[in-house]
Amino acid sequence: MEKSEAKRLLGQAREAWDAEEWLRSAQLYEQVLAHYPDEKPSADWWYDAALAYKFLRDWPKAHELGREAAARAPRGEQDPAFWNLGVAATIQRDWATARDAWEGFGIPVPEGEGEINGAFGPACVRLHTDGEREVVWIQRLCPTRGRVMNVPASKGRRFGEIVVHDGEPTGERTFEGQRVAVFDELLLFEPSPLPTLHVTVNAPEASDVEALVSSFFDQDFGAEAASSFHVLCACCSEGTVDWDEASRPAHGGSQEIWLAAPQEEAGRLLDAWAAGGGRTWSDLRPVD
């Protein structure tokens with residue numbers, strides 16, 4: 001390929017990029033890169049092509065081209081080529097490449113091999129499922145994966161599932177006075193085996209409901225007052241919500257509670273909770 005032809009194709013690739021024609025842009029870049037993989041500006045071409053495939057959710061291609069982009073990027077300087085490669089490699093379960101990408105970006109990861117299961121702190125993720133939009137809390141396992149720590153209201157979503165999220169914050173929430181970023185979900189990485197249940201409880205005080213929720217979390221199960229779902233869905237709008245205050249049970253009396261646990265185990269925990277006196281439960285049933 002003559003350089004004049006390469007220049008023409010690069011111009012078309014940029015025009016396609018500006019028009020958000022991601023596949024055409026990526027393919028045009030690839031045509032040029034097949035002949036000029038190591039020209040001085042080629043790092044940008046590799047990056048744009050890989051990013052276009054990320055936008056298309058074509059993770060094998062984002063991974064393939066992302067490796068080339070990262071190989072030409074400076075290490076330890078938070079270059080986005082490493083971040084995008086880390087995401088694509090994680091989704092492809094190429095843990096060696098993911099570990100190297102995060103280190104290349106400048107984020108230390110736990111030593112070892114294989115899947116990264118660290119403690120990267122809390123974050124929020126905006127789930128996307130069949131048109132529904134809900135923000136849930138996650139415990140981050142790596143820079144792009146996290147375990148869902150709410151009982152989602154969205155149909156088909158579950159407490160304990162692991163999601164992959166994007167790296168660009170799209171909002172923020174507060175928790176215990178600290179600002180926490182909100183990210184968009186990229187995909188469901190690992191489903192949860194815990195079914196979602198519904199139960200009606202009656203308790204004298206809000207602290208009784210808090211005790212029930214705590215008893216489920218102590219067993220690595222989930223529990224959520226139904227009233228908090230209004231907060232979760234409202235969080236999809238702009239603004240800052242103090243999640244710690246908003247999701248706490250506000251009163252005693254009769255309440256609808258959503259649970260994430262095997263039904264038999266849920267019944268056992270509810271019976272133990274009701275033995276505290278003045279507490280009752282009824283109508284335990286599966287939701288999904």
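Student: Which residues of E4 are buried on one side, and which on the other?

Tutor: In a regular strand the side chains alternate between the two faces of the sheet. Here both faces of E4 are covered, with Ile162 and Val164 buried on one side and Val163 and His165 buried on the other; buried means under 20% relative accessible area, exposed over 50% and partly exposed in between (1.4 Å probe, protein chains only). Strands (E, at least two residues) and helices (H or I, at least four) are DSSP runs, numbered from the N terminus. This is a predicted model, in which local features need pLDDT of at least 70 and side-chain atom pairs count only at pLDDT 80 or more, whereas totals for chains, interfaces and linings use all residues. Residues are numbered from 1 along each chain as its sequence is written, and side-chain values use heavy atoms, with hydrogens and water left out.

Student: In which sense do E4 and E6 pair, and over how many bridges?

Tutor: Strands of a sheet pair through backbone hydrogen bonds, either parallel or antiparallel, and two strands count as paired if DSSP finds at least two bridges between them. Strand E4 (residues 162–165) and E6 are antiparallel and share four bridges; Val163 has Leu188 of E6 as its bridge partner, while Ile162 has Glu190 of E6. E4 is also joined by three bridges to strand E3 (residues 145–148), again running antiparallel, and there Gly146 stands opposite Val163.

Student: Which strand pairs with E6 in the parallel sense?

Tutor: Strand E1 (residues 122–129) pairs in that way with E6 (residues 178–190), over three bridges, and Arg126 has Asp184 of E6 as its bridge partner. Strand E5 (residues 171–175), by contrast, runs antiparallel to E6 and is joined to it by five bridges, with Glu172 opposite Ala181. E5 and E6 make a hairpin with two residues between them, and Glu176 in the turn has a positive phi of about 50°.

Student: Which members of the largest nonpolar core touch the most other members?

Tutor: In soluble globular proteins, nonpolar side chains tend to be buried together. A nonpolar core is a set of buried Ala, Val, Leu, Ile, Met, Phe, Trp, Tyr and Cys residues joined through side-chain atoms within 4.5 Å. The largest one here has 45 residues, of which Tyr29, Val32, Trp45, Trp59, Val87 and Trp102 touch the most other members. At least two residues each come from H1, H2, H3, H4, H5, H6, E4 and E6, and H5 gives the most, with eight residues. A second, separate core of 23 residues includes Val199, Phe216, Leu259 and Ala260.

Student: Which residues does Trp45 touch?

Tutor: Contact means heavy atoms within 4.5 Å. Leaving aside residues up to four places away in sequence, Trp45 touches Leu10, Tyr29, Val32, Leu33, Tyr36 and Glu39.

Student: Which residues of H1 are buried?

Tutor: They are Ala6, Leu9, Leu10, Ala13 and Ala16. These residues fall within an arc of 120° when seen down the axis of H1, so they line one face of the helix; the arc is that of the directions from the helix axis to the C-beta atoms. On the other side of H1, Ser4, Lys7, Glu15 and Asp18 are exposed, while H2 and H3 are among the elements that cover its buried residues. Just after H1, Glu20 takes a positive phi of about 60°.

Student: What do the buried residues of H10 pack against?

Tutor: The buried residues of H10 (residues 263–274) are Ala266, Gly267, Leu269, Leu270 and Trp273. They cover an arc of only 165° around the axis, which puts them on the same side of H10, and they pack against E7, H7, E9 and E10. The face turned away from this buried side carries the exposed residues Glu264 and Ala272.

Student: What is the order of the strands in the open sheet of four strands?

Tutor: The order is E8-E9-E7-E10, with antiparallel pairing, and E8 and E10 are the edge strands, each pairing on one side only. E7 and E10 share five bridges, with Val201 opposite Trp281 of E10. H7 lies across E7, E8 and E9, at about 155° to E8, and H10 lies across E7, E9 and E10, at about 170° to E10. Axes are lines fitted to C-alpha atoms, for helices over the stretch in contact, and angles run from 0 to 180 degrees between N-to-C directions.

Notes: Expected span 1.5 Å × (residues − 1).
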